[in-house]
Amino acid sequence: MTATTGPVCIGASTAATAASGTGYPSFSSYVRARGPVLLRTARSLTANPCDAEDLLQTALAKTFAAWERIEDHRALDGYVRRALVNTRTSQWRKRKVDEFACEELPEPAGLPGTDPAEQQALHDAMWRAVMRLPDRQRAMVVLRYYEDLSEVQTAEVLGVSVGTVKSAVSRALGKLREDPELTPVR
């Protein structure tokens, strides 16, 4: 196998020629003419030349299957490139993540754990600080950060504009930063 012409181009061309009786006579000439350029594109998407050939072959098979639906044959390169990218993305998403057993754990052994009592004290201090906020600001902070709503969703729930939510939450966060009970946390 040479670097400029691989079995992909020859195989797809041969398949297209064999199928030319089915109404796709220009597919084989397209593959012969554009195959090397498309193979370079496929190689830029993969690290392995053999994977690039497989990727191109799959994209050309998808193109061949859609040949009669493609209205503008001047845009074939774009169609095949999109098929290359989509196929590569699908392959990447489906790949398995290998796990290897090792004798040493990758985490450092001496990491201090957080004390649950300290976490609860911090949670209680934060909640008391939120409760000291004015009602409207408190409602917006609770919806945004405790209920995890977006600014738009918070505005819809409270019947106010998104800008009102942004400014009120900004002022509320400023007050929480200034709260003396939360100063040791920072």
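**View 1. Asparagine 48 in the loop between α2 and α3 of the predicted model.** Asparagine 48 lies in the loop that separates α2 (25-45) from α3 (49-65). The side chain of asparagine 48 reaches the backbone nitrogen of cysteine 50 at 2.9 Å. That distance falls within the 3.5 Å cut-off for a polar contact.

**View 2. Helix α4 and its buried face.** Helix α4 covers residues 76-94, 19 residues in total. The buried residues of α4 are Leu76, Asp77, Val80, Ala83, Leu84 and Thr87. Seen down the helix axis, these buried residues fall within an arc of 125 degrees, and therefore line one face of α4. An α-helix has 3.6 residues a turn, so residues three or four places apart point the same way. On the other side of α4, Trp92 and Arg93 are exposed.

**View 3. A nonpolar surface patch supplied by α5 and α6.** Met126, Trp127, Met131, Tyr145 and Tyr146 make a nonpolar surface patch of about 480 Å². Helices α5 (116-131) and α6 (135-146) each supply at least two residues of the patch. The most is given by α5, with 3 residues.

**View 4. Tyrosine 145 in helix α6.** Tyrosine 145, one of the residues of the nonpolar patch, is placed in helix α6. With a relative accessible area of 46%, tyrosine 145 is partly exposed.

Conventions:
Residues numbered from 1 in each chain as written. Predicted model: local features only at pLDDT ≥ 70, side-chain atom pairs only at ≥ 80, totals over all residues. Heavy atoms only, no water. Helix = DSSP H or I, 4+ residues; strand = E, 2+ residues; numbered from the N terminus. Expected span 1.5 Å × (residues − 1). Buried < 20%, exposed > 50% of the residue type's maximum accessible area, 1.4 Å probe, protein only. Arc of directions from axis to C-beta. Polar contact = N/O pair within 3.5 Å; in protein donor to acceptor, adjacent residues only side chain to side chain. Patch = residues over 30% accessible without salt bridge, like charges linked within 9 Å, V, L, I, M, F, W, Y side chains within 5 Å. Areas by Shrake-Rupley, 256 points an atom, 1.4 Å probe, with all protein chains shown as cover. Salt bridge = Lys/Arg side-chain N within 4 Å of Asp/Glu carboxyl O.
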